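Work through the exercises below with the sequence and the model open beside you, and try each task before you read its solution.

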Amino acid sequence: MDRSILIVDDQSFNIQALMIILKYTVGLDTDLYCKTALSGQQAIDIVRDDFMKNGRSKFTLILMDCNMPGMDGFETTKNIREYLYSED
């Protein structure tokens with residue numbers, strides 16, 4: 001699996017709705033190509049683990065909820081970008 005989508009939202013209903021849209025509208029095998037996170041920190045951990053395991057990130061798309069408690073989507077995205085680009 002070279003390419004994957006990371007879906008980040010603190011509401012599991014929103015994640016499930018998006019996965020249904022991707023599966024039935026786009027035809028994407030969401031079981032194979034989608035990974036989910038329920039918080040900003042969980043998303044960062046998933047990206048870091050993936051990077052350490054593969055030497056690069058397999059996520060070609062991250063769909064991020066911007067309004068999450070704790071660490072919002074903007075801060076999460078900033079941290080992910082800093083981590084990925086500081087490893088170059």
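**Exercise 1.** Find the element that holds Leu 32, and decide how accessible Leu 32 is.

*Solution.* Leu 32 belongs to helix 2, residues 30–33, where helices are DSSP runs of H or I with at least four residues, strands are runs of E with at least two, and both are numbered from the N terminus. The relative accessible area of Leu 32 is 39%, and Leu 32 is therefore partly exposed, since buried means under 20%, exposed over 50%, and partly exposed in between, with a 1.4 Å probe and protein chains only. Leu 32 lies 9.7 Å from Ile 5, C-alpha to C-alpha, although 27 residues separate them in sequence.

The model is predicted: local features need pLDDT of at least 70 and side-chain atom pairs 80 or more, while totals for chains, interfaces and linings use all residues. Residues are numbered from 1 along each chain as its sequence is written, and side-chain values use heavy atoms, without hydrogens and water.

**Exercise 2.** Determine which residues of helix 4 are buried, and where they lie around its axis.

*Solution.* First, list the buried residues of helix 4, which are Gly 73, Thr 76, Asn 79, Ile 80, Tyr 83 and Leu 84. Next, look down the axis: these buried residues fall within an arc of 130°, so they line one face of the helix, the arc being that of the directions from the helix axis to the C-beta atoms. On the other side of helix 4, Phe 74, Tyr 85 and Ser 86 are exposed. Finally, the buried residues pack against helix 3 (40–54) and strand 3, contact meaning heavy atoms within 4.5 Å.
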